[in-house]
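A report in short sentences is enough.

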Amino acid sequence: MPELPEVENARQVVEKALARTIVDIDDGDEYECRPHRPGEIRDALVGGRLTEAHRRGKAMWCETETADGSAGPTLGIHLGMGGRVIVTAPEGEDSSDYGGGNARIGVRAKDKPEWTRFSMTFDDGGQLRLFDKRRLGRVRLEPDIDALGPDAAEITRDEFRSMISASRAPLKARLLDQNAIAGIGNLLADEVLWQTSLSPSRRSNSLSVDDVDELRRVLRKCTRFAIRKGGVHTGEIIPFRNADSHCPRCGAPMKRGTVGGRTTWWCSAEQS
């Protein structure tokens, strides 16, 4: 599942589609575009433009305007397990594309046309496409984001303190709760907890104020690093989340278990 850094990279790609007039939309995939009927998204957006690209946690959406300049419906784009966004440049430009979400650039040879589940064509000849081999993404009008907690990259110190100290849940489970803090997924949680030497099973409300503040600092650092490097897979501990691996910091065996319903890896010595 794409986590905050991957979705932020995709959002930056979508920004290349802003202010370009939409002349056609292929929304014929009834599963990817549910609950809309084929043509419903097209009818709502053709002639208008995308004006802003936003993200909170793993949710991404665009504000739009109609042909007469009035506010249009909001367009939500969810990457699912492995979807990626491609925005191609206007016809005649040297660049063949502006890049893809999930840290992948361009259309690769093994991509198949049928993996394009949604596409938007602009009057300059360029396109926005959602490639989704596994068909687990989602495109819909007026997505509901109200249930999401504060964004993990922007949460304030006081908000973070409150979200952590208010729960008796295991620390990793609390970090993965999108209603509490939006955007942290399995890999990012393991990376942050390893870097802070905190046990994923420790009760959230047992942390001191200093521990909570350090956890937030490291979360912000890891998130910025992953955005810059192209995704959470670039984290320091991620290559060691497998059997027979040892902690790259102290050499102790890595341990595997389940916390909050998710497969979890931690250092058997430093995160006990």
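Which residues in H3 meet which residues in H6? Arg157, Phe160, Arg161 and Ile164 are the H3 side of the contact, and Val209, Val212, Asp213, Leu215, Arg216 and Leu219 are the H6 side. Contact means heavy atoms within 4.5 Å. Helices (H or I, at least four residues) and strands (E, at least two) are DSSP runs, numbered from the N terminus.

This is a predicted model, in which local features need pLDDT of at least 70 and side-chain atom pairs count only at pLDDT 80 or more, while totals for chains, interfaces and linings use all residues. Residues are numbered from 1 along each chain as its sequence is written, and side-chain values use heavy atoms, with hydrogens and water left out.

**Helix packing**

Two packed helices are described by the angle between their axes and the distance between the axes. For H3 (residues 157-165) and H6, the axes come within 10 Å and cross at roughly 115°. Axes here are lines fitted to C-alpha atoms, for helices over the stretch in contact, and angles run from 0 to 180 degrees between N-to-C directions. The crossing of H3 and H6 is right-handed. A crossing is right-handed if the near helix is turned clockwise from the far one by less than a right angle, and left-handed if anticlockwise.

**Covered helices**

Helix H5 (residues 186-195) is largely enclosed by the rest of the structure, because 8 of its 10 residues are buried. Buried means under 20% relative accessible area, exposed over 50%, and partly exposed in between (1.4 Å probe, protein chains only). The buried set in H5 is Asn186, Leu188, Ala189, Asp190, Glu191, Val192, Leu193 and Trp194. Their cover includes helix H4 (171-176), helix H6 (209-229) and strand S10 (262-267).

H1 is mostly covered too, with 10 of its 11 residues buried. These are Leu4, Pro5, Glu6, Val7, Glu8, Asn9, Ala10, Arg11, Val13 and Val14. They pack against strands S2 (49-56), S3 (59-65), S5 (84-87) and S7 (127-131), and against H6.

**Salt bridges**

Side chains of opposite charge can pair when their charged atoms come close. A salt bridge is a side-chain nitrogen of Lys or Arg within 4 Å of a carboxyl oxygen of Asp or Glu. The count by this rule is 16 salt bridges. Three of them are listed here.

| Pair | N to O distance |
|---|---|
| Arg11 and Glu15 | 2.8 Å |
| Asp24 and Arg42 | 2.8 Å |
| Asp29 and Arg117 | 4.0 Å |

Asp29 sits in the loop between S1 and H2, and Arg117 in strand S6 (residues 116-122), so this pair ties together parts that are 88 residues apart in sequence. Both Asp29 and Arg117 are buried.

The Asp24 and Arg42 salt bridge has its closest N and O atoms 2.8 Å apart. It links distant parts of the chain, with Asp24 in strand S1 and Arg42 in helix H2, 18 residues apart. Asp24 counts as partly exposed at 34% relative accessibility. Arg42 counts as partly exposed at 31%.

Arg11 has 13% relative accessibility, so it counts as buried. Glu15 has 37%, so it counts as partly exposed. A network of salt bridges links Glu8, Arg11, Glu15, Arg55 and Asp151.

Glu32 lies in the loop between strand S1 (22-26) and helix H2 (40-45). A polar atom of the Glu32 side chain lies 3.4 Å from the backbone nitrogen of Gly137. Glu32 touches Arg117, Leu130, Asp132, Arg135, Leu136, Gly137, Arg138 and Val139, leaving aside residues up to four places away in sequence.

**Backbone features**

The loop between S1 and H2 also holds Pro35. The peptide bond from Arg34 to Pro35 is cis, with omega near 10°.

Ala19, in the loop between helix H1 (4-14) and S1, has a positive phi near 65° and is a residue other than glycine. Ser197 is another residue other than glycine with a positive phi, near 55°. Ser197 lies in the loop between H5 and H6, just after H5. Ser197 counts as partly exposed at 30% relative accessibility.

Technical notes
Polar contact = N/O pair within 3.5 Å; in protein donor to acceptor, adjacent residues only side chain to side chain.
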